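Work through the two exercises below with the structure in view. Each has a task and a stepwise solution.

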Amino acid sequence: MPSSVMLKNLSDPIQLIYAGGTFGSYGRPLAPLSAEVFLPTLQNLLSAQDSTNNLPTVSWLENALIKDSSQLTPSDFAHFYQLLLNAYTKGDRRFVLITGTDTLSYLGAFLAEAFAGSDICIVLTASMRPLLDSEILHSYNIDEHSDAWGNLNDSLKLAAAGESGVKISFGGESWPAQTVQKIHSHDLMAFTGHSRAAYPANSYIKNLPDTRRQHWLDDQQDLLSSIKTRAENASVHALYCLPNDVSMINNQLQALLSQPPCGIILLGFGAGNIPYSAALAETLSLAHEHGHMVISASQCPFGGVSDSYAAGSWQYEHHVIAGGRLTIPAIYARLLWLLLRYDSPARRRQRWLNNVNQTGTSIKKR
């Protein structure tokens, strides 16, 4: 794209992407409608509501990947990155992505990592109940008890404002994507987040000059092929500490040593406390030597990790990296993006530490 091409202005349609999930399910038993059926139905409903709700104009961004969000893989995450990147390259800037709730926070955090440094506006949403009323089988009608229509309306209005960044809109609220996590398995208020986001929310550019945007786009397009290739084999593992003998977590970690360099989330107690043994300490050092990135996280939904307790601080002497205040989905997303974006363990580690240092959440070595 020539550098003279300008981004489309805020009067242009919002690009709507349908990726499946409960939102588009219908019938008895519930099953996702195909895009060929669901999208025209949704378009008709939006057109009918436009005159009364003053909704922004939308157009559809073609997407061939429609599946239950619990089935998403790193390659699927790379697919959505490419889809959005290509549309952004053509001048579109505002997007709403409808997906499922199971991995909503993971996909949102991943896109937040991938588009840091840009001025793109992406809003992700989903629903706990289908948009369409399955009690009415001869026509498609909005289920008045569903949260889907409200979530979509809120997302479209948020995208219409055009503020740079990746956000998740759900249950009448919205948050920076990398702060969001699912906290309830079936309640309509299933998600929470916070507005005091760490990197990369503060790395978005409100008004990005054309030349800088073109440099950003050129860099991403140059790397796109390698990102897609790495996504086929990228893996992030989670090791969950339980009140067991420490040999169990050590054995799990040792089993990963022979694997290609990957991301490992070490889910500790409280502020990141991990049961100590000399064998586990040695294995953590070996994991680093093999190119793995081990990130300390908390099993608690809020607060993150710290080095206040000796029971947790010892691990940082063996190359474990503190996850700071990042949620588990955000840690997964950052690890995955680093595995896709950078070609060496040293560069991935350097980039992580640089990101965390920007937020003041890093733990200094003793």
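Predicted model: local features only at pLDDT ≥ 70, side-chain atom pairs only at ≥ 80, totals over all residues.

Residues are numbered from 1 along each chain as its sequence is written, and side-chain values use heavy atoms, with hydrogens and water left out.

**Exercise 1.** Determine how α2 is oriented relative to α5, and list the residues in contact.

Step 1. Helix α2 covers residues 74-89 and helix α5 residues 210-231; their axes come within 10 Å and cross at roughly 155°. Axes are lines fitted to C-alpha atoms over the stretch in contact, with angles from 0 to 180 degrees between N-to-C directions.

Step 2. α2 is therefore roughly antiparallel to α5 (over 145 degrees).

Step 3. In α2, P74, S75, A78, Y81, Q82, L85, N86, Y88 and T89 meet R213, W216, L217, Q220, Q221, L224, I227, K228 and A231 of α5 (heavy atoms within 4.5 Å).

Step 4. By class, this contact of α2 with α5 has 10 nonpolar, six polar and two charged residues.

**Exercise 2.** Describe the orientation of α2 and α3 and the classes of their contact residues.

Step 1. The axes of α2 and helix α3 (residues 104-114) come within 10 Å, crossing at roughly 50°.

Step 2. F77, A78, F80, Y81 and L84 of α2 make the contact with Y106, L107, F110, L111 and A114 of α3.

Step 3. The contact of α2 with α3 has 10 nonpolar residues, no polar and no charged ones.

Technical notes: Helix = DSSP H or I, 4+ residues; strand = E, 2+ residues; numbered from the N terminus. Parallel < 35°, antiparallel > 145°, perpendicular 65-115°, else oblique. Nonpolar A, V, L, I, M, F, W, Y, C, P; charged D, E, K, R; others polar.
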